[in-house]
Amino acid sequence: MTAELTAGQARRIMLTAQGLGRRPQGEPGTRHLQGVVNRLGQLQIDSVNVCVRAHYMPLFTRLGPYDRALLDRAGNSAPRRVYEFWGHAACLLDVGLQPVLRWRADAHRDRPWQAMSRILDEQPHLLDKVRGQIAERGPLTARQVEHDEQRTPGSWWNWSSVKSALEWLFYTGELTSAGRNSQFERRYDLPERVLPKAVLATPTPPEDEARLALARRAAAALGVFTPAWLAEYFYNDRSQTAVVLERMVASGEVEQVGVRGWSAPAYLWAEAARPRRVHVDALVAPFDPLVFDRKRLLEVFGTHYRIGLYTPKADRVHGYYVYPFVMDERVAARVDLKADRRAGALLVQSAWREEGAPEAETAARLGAELRRMADWLGLADVVVEDRGDLATALRAASGSSVLAGEVIS
């Protein structure tokens with residue numbers, strides 16, 4: 001007989017599997033960082049820096065204020081705990097996943113993008129030249145690699161052939177990232193000079209076993225899930241994921257369950273904790289593993305969410321760079337945040353309460369979390385602008401004043 005979960009039980013299982021509501025006492029250290037990496041497997045990278053870069057925020061969400069240098073060291077120096085590659089998107093991944101992602105790098109070789117296909121045809125020796133520069137002088141950014149070519153005008157990316165070659169070698173695993181510089185430029189290097197020896201020495205598993213390993217990590221990170229969400233977590237093929245899901249069910253690692261109100265069959269990671277209650281106060285970045293799958297967020301939490309960043313200004317509902325606020329087992333609010341570093345303020349450009357969330361409690365708990373975030377970012381003030389149906393209550397709860405002026409465009 002298939003077990004049945006309530007929607008509330010499913011939410012609590014997922015939040016716990018994602019590591020929310022478990023902040024440590026005292027200052028978080030390397031052990032705590034490693035625990036989050038083990039749990040999530042990946043931290044998405046994004047170039048937007050309106051408030052704080054995307055890969056730093058999931059650790060704050062789960063650990064509270066921590067030293068961002070911990071993550072910088074984890075990805076920029078030995079012993080490396082994360083490495084840069086493609087998970088569900090461009091991510092800092094648990095370095096232990098590198099062997100089970102080699103098949104993805106190999107598969108990329110058969111799918112060059114159009115400009116790269118032309119380079120491979122017209123400049124067959126360019127890859128060797130670029131690789132040789134990195135081997136001799138690396139780690140190097142694209143701007144540091146010697147070349148005579150002028151950048152092609154008019155392109156949004158404005159990539160030169162050398163930049164394309166570097167990205168291709170990274171995409172296919174022949175180069176890796178030795179970290180990012182202060183301008184957030186990738187520093188390319190040879191894998192044997194970056195990745196731990198134990199990782200490099202790990203045999204490459206067959207593709208079906210690698211997909212199984214990824215599915216296990218995704219299942220543990222989600223706790224409860226549909227087949228589509230399991231595939232999406234590391235951006236795997238759905239038909240291949242269905243095959244490994246059957247194997248996990250047969251082995252007892254996963255069991256099929258019913259979740260009241262869900263529209264698709266559900267599965268439960270057998271080792272997932274099943275708490276009766278959770279206490280969570282968490283601002284969640286737009287690319288956090290809890291929310292990057294927007295369909296999953298809607299099904300589990302009933303929250304229709306769009307970041308706003310990719311929407312024309314006139315069509316934005318909640319703002320430009322919007323953070324959901326999770327309070328216990330619900331998404332209770334969302335806020336459009338910007339770090340005004342010159343003014344030393346965390347700007348709440350709009351604040352919105354989700355339907356059914358208690359206004360006073362939401363404002364009080366959200367205000368406290370915004371204060372923690374401001375302190376973490378080294379910002380003296382939290383300033384709430386007069387936009388959104390929670391703005392007045394949030395301003396009163398946090399003691400903030402109104403900031404006049406335009407929101408970010």
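Predicted model: local features only at pLDDT ≥ 70, side-chain atom pairs only at ≥ 80, totals over all residues.
Figure 1. Leaving aside residues up to four places away in sequence, Thr226 touches Trp262, Ala264 and Pro265.

**Figure 2. Crossing of helices α1 and α14.** Helix α1 covers residues 7-17 and helix α14 covers residues 294-301; their axes come within 9 Å and cross at roughly 135°. This angle makes α1 oblique to α14. On the α1 side the contact is made by Arg11, Met14 and Leu15, and on the α14 side by Arg296, Val300 and Phe301. By residue class, the contact of α1 with α14 divides into four nonpolar and two charged residues, with no polar ones.

**Figure 3. Pairing of strands β11 and β12.** Strand β11 (residues 322-327) and β12 run antiparallel and are joined by six bridges. Val326 stands opposite Val331 of β12. The hairpin of β11 and β12 has two residues between the strands, and in this hairpin Asp328 takes a positive phi near 60°.

**Figure 4. Strand β12 and its pairing with β13.** Strand β12 spans residues 330-340 and is mostly covered, with eight of its eleven residues buried. In a regular strand, side chains alternate between the two faces of the sheet. Strand β13 (residues 345-353) runs antiparallel to β12, and eight bridges join the two. Leu337 has Val348 in β13 as its bridge partner. Four residues lie between the strands in the hairpin of β12 and β13, where Gly344 takes a positive phi near 70°.

Figure 5. Buried residues account for 53% of the 409 residues. Among contacts with a separation of 6 or more, 64% are between residues 24 or more positions apart.

Conventions
Residues numbered from 1 in each chain as written. Heavy atoms only, no water. Contact = heavy atoms within 4.5 Å. Axes fitted to C-alpha atoms, helices over the stretch in contact; angles between N-to-C directions. Parallel < 35°, antiparallel > 145°, perpendicular 65-115°, else oblique. Nonpolar A, V, L, I, M, F, W, Y, C, P; charged D, E, K, R; others polar. Buried < 20%, exposed > 50% of the residue type's maximum accessible area, 1.4 Å probe, protein only. Pairing = 2+ DSSP bridges.
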